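Please read them with the model open.

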Amino acid sequence: MKTTIRDIMQAVPALEKLAGASLPLKTAYKLSKNIKLFQNEIDFFTREREKIMKEYGGEVKHSRIVFKKPEGLKALEDVLALEVEPECGKIEIALSDNIRLAANDVTFLEPFIEFTEVDDG
């Protein structure tokens, strides 16, 4: 699966919600495996963000990173735009699985989760 660091980082809160939901065992197992693979990319981003903040005078203000040197934002954007290929596939989750998510969660999960209709008839 090809994606970007940004896609993974944006999906983290929704993946955490999904991981806390009651899912069929097979689906929960696949999700757990994918989250572990994504963690490698998250750890990479965290390390790079710290280096960039140090190099360009970044600090967190009101939940946002502010840089003393304008090149810092560009460097951070470059890391977020990196294409990565975690060795995982999309996970199918039935819309009937009784999971409550916000519309934003669904949007951020779309690169990683395939929501499927269930034919009741």
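1. The largest pocket holds about 170 Å³ of space. A pocket here is an open set of points on a 1 Å grid over the protein atoms alone, where a 1.4 Å probe fits, with protein on both sides within 12 Å along at least five of seven lines. Points are joined across faces, edges and corners, and the volume is the space filled by probe spheres set on them.

2. This is a predicted model: local features need pLDDT of at least 70, side-chain atom pairs count only at pLDDT 80 or more, and totals for chains, interfaces and linings use all residues. Residues are numbered from 1 along each chain as its sequence is written, and side-chain values use heavy atoms, with hydrogens and water left out.

3. Which residues line the largest pocket? They are V60, S63, R64, I65, L73, L76, E77 and L80. Lining residues have an atom within 4 Å of a point. β3 (64–67) and α3 are the elements that give two or more residues to this lining. α3 gives the most, with 4 residues. Helices (H or I, at least four residues) and strands (E, at least two) are DSSP runs, numbered from the N terminus.

4. By type, the pocket lining splits into 5 nonpolar, 1 polar and 2 charged residues. Ala, Val, Leu, Ile, Met, Phe, Trp, Tyr, Cys and Pro count as nonpolar; Asp, Glu, Lys and Arg are charged; the others, Gly among them, are polar.

5. Helix α3 (residues 71–80) also meets helix α1 (residues 5–19). Their axes come within 6 Å and cross at roughly 85 degrees. α1 is therefore roughly perpendicular to α3, a label for angles of 65 to 115 degrees. Axes are lines fitted to C-alpha atoms over the stretch in contact, and angles run from 0 to 180 degrees between N-to-C directions.

6. In that contact, I5, R6 and M9 of α1 meet E77, V79 and L80 of α3. Contact means heavy atoms within 4.5 Å. The residues are 4 nonpolar, no polar and 2 charged.

7. Check the loop between β2 (58–61) and β3, where H62 sits. H62 has a positive phi of about 55 degrees, yet is not a glycine. S63 is in this loop too, and its phi is near 65 degrees, again positive in a residue other than glycine. H62 is exposed at 79% relative accessibility, and S63 is exposed at 75%. Exposed means over 50% relative accessible area (1.4 Å probe, protein chains only).

8. Is T116 buried or exposed? T116 counts as buried, because its relative accessibility is 18% and buried means under 20%. T116 lies in strand β6 (residues 113–116). Not counting residues up to four places away in sequence, T116 touches E92, I93, A94 and L95.

Key:
Angles under 35 degrees count as roughly parallel, over 145 as roughly antiparallel, 65 to 115 as roughly perpendicular and the rest as oblique.
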